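Subject: Structure handover

Hello,

Please find the structure below, with notes on what was found in it. The notes cover the domains, the contact between them, the ligand site and the salt bridges.

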Amino acid sequence: MAFKERVFSGVQPTGNLHLGNYLGAITKFVALQERYDCIYCVVDLHAITVWQDPLELPKATREVTAAFIACGIDPQRHIVFNQSQVAEHAELAWIFNCVARMGWLNRMTQFKEKAGKDRENASVGLFVYPNLMAADILVYRATHVPVGEDQKQHLELARDIAQKFNNDFADSIRAHGHGNVFFPQPEPLIQGPATRVMSLRDGTKKMSKSEPSDYSRINLTDDADAIAQKIRKAKTDPEPLPSEEKGLETRPEADNLVGIYAALKGTSKTEVLREFGGGQFSTFKSALIDLAVARLGPIGAEMKRLGRDPAYIDSVLADGAQRAQVIAAETMKAVKDIVGFVRS
Ligand code: AQP
């Protein structure tokens, strides 16, 4: 069956939105608007899988929404909303809890990393997080999902869930007139030079919101001075930059900075090395500072401006939730019939 092409993706309102979120996800969200119908969600149900201060969560939700808009997402042409306003996400996630297998979830590396040694004390929500993510995507029967590299395994699980649902309920799907498959196999869109932006302090660790050192990341709200200081202090090695990409293979910090430059400029690492190969990091870092400030400065300023108008942000989220709910409710009606629930 041919599904209507639709993009879905989400960002957690867990504070410190950073360059990794921007290059790995949000810039792609913006670019895809020209070709697809897009649904972009602030995934607050996901955020509470680890503790969130209830006084901070609304601020963080509005900040991600402001970042979407400041980066160029058009909430009128597309849909922007927060997940908890559309109950169908949680409803479908419950059904997927009954489709997905324990063994599948036991293999999820993000759970292992986030739960750490204290697994017994992790929330049940953190364990079934990938089922909710599958529900987020499939409640809109989305076909394309732009994400960073770290979400690849969860996307594969979403595909497995879609397939198992289609197989387990094949007869019922046909009997209810939905053809042979009800859910599409959502395709991950993970491309470009910055699908995994690394920490500025350690090129082997992902740039992350929860890393205690603020010097490990560039936040979207950082001003020009903070951006410059963080890039100047970013870890490097004593060698000059290589002239070819192969020379970056054993140099994670150099590889990361070159990847960031390439992504911000919209070019390839090869091109960047053609310009800076053989030169010192100090020259390259100065160029990177100029580029990062030029790209991120206006976004941070617009986020701050929007932050002063929470009523506008809330109206965007309410309108988006209303439009998202229409699509999600239609899917849930069909899913309930397929599963065999009596409904009025
Ligand atoms: N370092 C990264 N490089 C490229 N893409 C990244 N993403 C996150 N970090 C990087 C992508 O950003 C989108 C939204 O991420 P999220 O907020 O939903 O969750 P996350 O991946 O857990 O983000 P963090 O920063 O790593 O948070 P913590 O520290 O809480 O774990 C996703 O598409 C993600 O791939």
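This is a predicted model. The protein is divided into two parts: domain 1 covers 6-195 + 310-339, and domain 2 covers 214-305. Taken over C-alpha atoms, the centres of domain 1 and domain 2 are 30 Å apart. Domain 1 gives 14 residues to the contact, and domain 2 gives 16 residues.

Domain interface

About 1300 Å² is buried between domain 1 and domain 2, and carbon and sulfur atoms give 75% of that area. On the domain 1 side, the residues that lose the most area to domain 2 are Leu19, Tyr22 and Pro193; together they make up 41% of what that side buries.

Two elements of domain 1 give two or more residues each to the side that touches domain 2: α1 (19-32) and α3 (57-71). Of these, α3 supplies the largest share, five residues. Sorted by class, that side of domain 1 has ten nonpolar residues, three polar and one charged.

Ligand site

The ligand is surrounded by 22 residues, and the closest are Asp150, Lys206, Ser208, Lys209 and Ser210. Ser208 places a polar side-chain atom 2.5 Å from an oxygen atom of the ligand.

For Val197, a backbone N or O atom lies 2.8 Å from a nitrogen atom of the ligand. For Gly20, a backbone N or O atom lies 3.2 Å from a nitrogen atom of the ligand.

Salt bridges

Side chains of opposite charge can pair when their charged atoms come close. In this model the count comes to 19 salt bridges. One of them joins the side chains of Arg62 and Asp314, at 2.7 Å from N to O. This pair links distant parts of the chain, with Arg62 in helix α3 and Asp314 in helix α14 (residues 310-339), 252 residues apart.

Regards

Technical notes
Residues numbered from 1 in each chain as written. Predicted model: local features only at pLDDT ≥ 70, side-chain atom pairs only at ≥ 80, totals over all residues. Heavy atoms only, no water. Domains from an automatic or database assignment. Contact = heavy atoms within 4.5 Å. Buried area = accessible area lost by both parts, 1.4 Å probe. Helix = DSSP H or I, 4+ residues; strand = E, 2+ residues; numbered from the N terminus. Nonpolar A, V, L, I, M, F, W, Y, C, P; charged D, E, K, R; others polar. Near = heavy atom within 4 Å. Polar contact = N/O pair within 3.5 Å; in protein donor to acceptor, adjacent residues only side chain to side chain. Salt bridge = Lys/Arg side-chain N within 4 Å of Asp/Glu carboxyl O.
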